[in-house]
Amino acid sequence: MALIFVDTANLDEIREAAAWGVLDGVTTNPTLMFKAGTANRKEQTLKIVDIVQGSVSAEVISTDAPGMIEEAREILSWSDHVYVKIPTIPEGLKAMREISSWPNGRINATLIFSANQAFLAAKAGASYASIFLGRLDDAGLDGMEVVRQTRQVFDNYGFGCAVLAASIRNTVHVTQALLAGADILTMPFPVLKTMMHSPFTDIGLQRFLDDWAKISAK
Ligand code: E4P
């Protein structure tokens, strides 16, 4: 089963997506909090948890391992639904190693741009490896190839870490990430909306309704 997350801290978007009944979780980051107009990470995260009752990722701000560990301890105490996002840098790996030894050590390793980084995050005990495929594509590289490689590496060695396709830009990315075997896809709300849209569906539905109206008027 592939999980669908929305990549936003906007409560209206999250409410609408949750109402469709297919939403499994939410990812946030400092930029998304900024866009949602709040610096109260705890309050916003708990509001999101209330809506989705699924996995909700909140990111640390510290860049040194002791600081990340301290923040993670607090963030993970907010709710059993919360995953702590740790940047995949050397200090982040140190922090992941420690946090993953805790009973509630749910880690979303973020800012991953290569299968090697994903491999290291999985070894350090991350639950999710977030591959920023759209940003790779933006730079003229092949982001989906990193998703494919990571899937293969995790399968080759039996890592339980989930392959999370992040930084999704469009619905083509969604299909490709599913075909590449991503476990989780996190996408902006407009992409989720577009997934449901086909003009052929609208035209087909209208034709059914018109024909039904004609026959039932007889
Ligand atoms: C992942 O969890 C990140 O929040 C996200 O996907 C980043 O995407 P962006 O490249 O659109 O900022």
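This note covers the overall layout of the predicted model and the surroundings of Lys85.

1. Basis. The model is predicted: local features need pLDDT of at least 70, side-chain atom pairs count only at pLDDT 80 or more, and totals for chains, interfaces and linings use all residues. Residues are numbered from 1 along each chain as its sequence is written, and side-chain values use heavy atoms, with hydrogens and water left out.

2. Fold content. The protein chain has 11 helices and eight strands (DSSP runs numbered from the N terminus: helices are H or I, at least four residues; strands are E, at least two). Its C-alpha trace spans about 75 × 40 × 30 Å along the principal axes.

3. Packing. The chain has 218 residues, and 47% of them are buried (under 20% relative accessible area, 1.4 Å probe, protein chains only). Take contacts (heavy atoms within 4.5 Å) with a separation of 6 or more: 56% of these join residues 24 or more positions apart.

4. Charge. The chain carries 19 positive and 24 negative charges, and their mean positions are 2 Å apart. Lys and Arg count as positive, Asp and Glu as negative; His and the chain ends are not counted. The charge sits at NZ of Lys, CZ of Arg, CG of Asp or CD of Glu.

5. Lys85. This residue is in strand β4, residues 82–87. Lys85 is buried, with a relative accessible area of 3%. A polar atom of its side chain lies 2.8 Å from the backbone oxygen of Thr28. Beyond its neighbours within four places in sequence, Lys85 contacts Thr27, Thr28, Asn29, Ser57, Ala58, Glu59, Val60, Asn108 and Thr110.

Note on methods. Buried means under 20% relative accessible area, exposed over 50%, partly exposed in between (1.4 Å probe, protein chains only). A polar contact is a pair of N or O atoms within 3.5 Å; within protein, one must be able to donate a hydrogen and the other to accept it, and residues adjacent in sequence count only if both atoms are side-chain atoms.
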